Amino acid sequence: MAFGLFLTATSCSGDTGEKPVGALVESETPTANIEEATPTQTPTPAPTPKPATTPTLGENPGSSGLGDPYFPTLGNGGYDVEEYDLQLLWDPGSKYLVGEATITAKIVEDLTSLNLDLSGMTVTSVKFEGSNLDFFREDNELIIVFQQPVVKGTMAALEISYQGFPGLVENLNLPHSGGWFNTENMFYVSGEPSSSQAWHPVNDHPDDRAQFRIEFTAIPLVEARTWNWEFVTNGFLVEKTESDVDKSITWIYETRYPRAPYLTVLAYGIFKESEAVTLGDVHLRHWAESPPLPSDIFEAGVETFGHDYHAMFEVFTNLFGPYPFDTYGYLVLNETLGYALETQTLSIFGYDTYQEPNIHVHELAHQWFGNHITVGDWSNIWLNEGFATYAEYLFLEESVPSFSIDDSFFIPMYELVEQGNTFFTQPPPGDPGRDNLFSASVYFRGAMTLHALRLTIGDALFFDSIRGYVEQYGGQSATTNDFIQLVEEATGSDLEEFFNGWLFQDNLPPLQELYD
Ligand SMILES: [Zn+2]
């Protein structure tokens, strides 16, 4: 994720007196603007069926969390999801969603029950091997009780029917609101570290990546205002059909790479697709909410705002290794979001962040760092943000001959600290705390840590280590310790003190030693 604050890599080098805290405020939740409902087509909300008594969970219930130190109830233990097959029926008039989720998971412990994460929404039935299962809800947990224990190694397919008015993820004290946002002209889904559980049952943690197949059907409004609306999500559109009966339109998207649930983006509105370009093996195409955004928005991205995706792909594939997926693009909304998010293969931007070329660089870099390699838990957030921020400076270094990371970023950061401004360097980024998940220090001191490492071990070993990290942990999750161990093995050096100072101690390590 990148906030509007982090607009230019050099913005922190000049106006030293400024402390732009205000720029870090969360984007406002768009006000739901309820359109006139079309009562004849609105599905009837179902009452919540509840077991008469809370069913017994047996000896081996799956856990309600994955042990995340910041978000203990995100994710669940005892299974590993392989695929989410989500069938969604959306009524844009009433903004009511009816969903059928088939979740295929490998059971990794003997289980008498398991948990899924789900915020709001009403579950109407849970089926397993043709039988209805008992289930109940506790806050954002959906607890499903098996009739007989399911043994470790089983591939289980759970069919969950649910419905409701999707909204923001509740009960988690998120540092940044996530979930389903309705606006007057569309909806979109976005949010880190959690957004998926606002609209489907999920193992909501980056440590459980899975395939997604999304089948989305929109009921047409009576006044036919939605006839030209498009549904957009990650991956490839494999089918789009219109029903002869009621003129509803169905889109089916599939992905070819597993992803963390928070990296799913969904949007439905008036979206224009750019012409597709092929960059090597990558299919590059974008979407824009146009109109009202200008009809030449894609051209303006290149000509006015300077988004040079050819150059970005060239620099990053040289530095980090091959792009880890087969498609990429941005989705730009006619919203002032205050941030952009690296939703996998289709990053989401507001029209504000869209205009900042460095944010495009940042979100593309996240496809390697954050998406291909996911965080083992959220305390390791600097492995996402420090890397993506440093990638902004690496891109400038590679593409602007006179640009110096030392002179434009690294040394000026020390000067700010000398002047008493610790906005970009406190708290230490290695374990910033839940409320500081997106603090400026996670981004900037995270990036400084990587630059200091490069100064310490030299360019050759530094870039070998980064490529080695992508090769070893791509498609998996990683922790700070994994990264440190990998660099220590690559260099044959003990770097414990170095990383401890940079990531966990209050004071920045002395500058002079790095240039000796
Ligand atoms: Zn980011």
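A search of the whole of this predicted model finds 5 cavities of 30 Å³ or more. Rolling a probe the size of a water molecule over the atoms shows where empty space is left. The largest cavity has a volume of about 80 Å³. Its lining includes Gly235 and Phe236, then Thr255, Arg256, Tyr257 and Arg259. Phe325, Asp326 and Thr327 also line the largest cavity, as do Gln344 and Thr345. By class, that lining has 3 nonpolar, 5 polar and 3 charged residues.

Next come the pockets. The largest pocket has a volume of about 350 Å³. It is lined by 16 residues. Nearest its centre lie Val277, Leu284, His286, Phe298 and Val302. Two helices, H1 (297-303) and H2 (309-320), each supply at least two residues of this lining. H1 gives the most, with 5 residues. The lining of the largest pocket divides into 7 nonpolar, 5 polar and 4 charged residues.

The second largest pocket has a volume of about 240 Å³. Leu455 and Thr456 line it, together with Glu497, Phe498 and Trp502. Pro509, Pro510, Glu513, Leu514 and Asp516 belong to the lining as well. Three helices each supply at least two residues here: H7 (440-457), H10 (496-504) and H11 (512-515). H10 gives the most, with 3 residues. By class, the second largest pocket is lined by 6 nonpolar, 1 polar and 3 charged residues.

Now to helix packing. Two packed helices are described by the angle between their axes and the distance between the axes. The axes of H2 and H4 come within 11 Å and cross at roughly 40 degrees. An angle under 35 degrees would count as roughly parallel, so H2 and H4 are oblique to each other. H2 passes H4 in a right-handed crossing. On the H2 side, the contact is made by Tyr309, Met312, Phe313 and Phe316. On the H4 side, it is made by His360, Val361, Leu364 and Ala365. These residues divide into 7 nonpolar, 1 polar and no charged.

H4 has another partner. Helix H4 (residues 357-366) packs with helix H5 (residues 382-399) at an angle of about 125 degrees, with their axes 8 Å apart. That angle makes H4 oblique to H5. The crossing of H4 and H5 is right-handed. H4 makes the contact through Asn358, Val361, His362, Ala365 and His366. H5 brings Asn384, Glu385, Ala388 and Thr389, along with Ala391, Glu392, Phe395 and Leu396. By class, the contact of H4 with H5 has 6 nonpolar, 5 polar and 2 charged residues.

Last, a loop. Where does Pro69 lie? Pro69 sits in the loop between strand E1 (2-3) and strand E2 (79-91). Leaving aside its neighbours within four places in sequence, Pro69 is in contact with Asp377 and Ser379. Gly433 is 364 residues from Pro69 along the chain, yet their C-alpha atoms are separated by 8.9 Å.

Methods:
Residues are numbered from 1 along each chain as its sequence is written. This is a predicted model: local features need pLDDT of at least 70, side-chain atom pairs count only at pLDDT 80 or more; totals for chains, interfaces and linings use all residues. Side-chain values use heavy atoms; hydrogens and water are left out. Axes are lines fitted to C-alpha atoms, for helices over the stretch in contact, and angles run from 0 to 180 degrees between N-to-C directions. Helices (H or I, at least four residues) and strands (E, at least two) are DSSP runs, numbered from the N terminus. Angles under 35 degrees count as roughly parallel, over 145 as roughly antiparallel, 65 to 115 as roughly perpendicular and the rest as oblique. A crossing is left-handed if the near helix is turned anticlockwise from the far one by less than a right angle, and right-handed if clockwise. Contact means heavy atoms within 4.5 Å. Ala, Val, Leu, Ile, Met, Phe, Trp, Tyr, Cys and Pro count as nonpolar, Asp, Glu, Lys and Arg as charged, and the others, Gly among them, as polar. On a 1 Å grid over the protein atoms alone, a cavity is a set of points where a 1.4 Å probe fits but cannot get out, and a pocket is an open set with protein on both sides within 12 Å along at least five of seven lines; lining residues have an atom within 4 Å of a point. Grid points are joined across faces, edges and corners, and a volume is the space filled by probe spheres set on the points.
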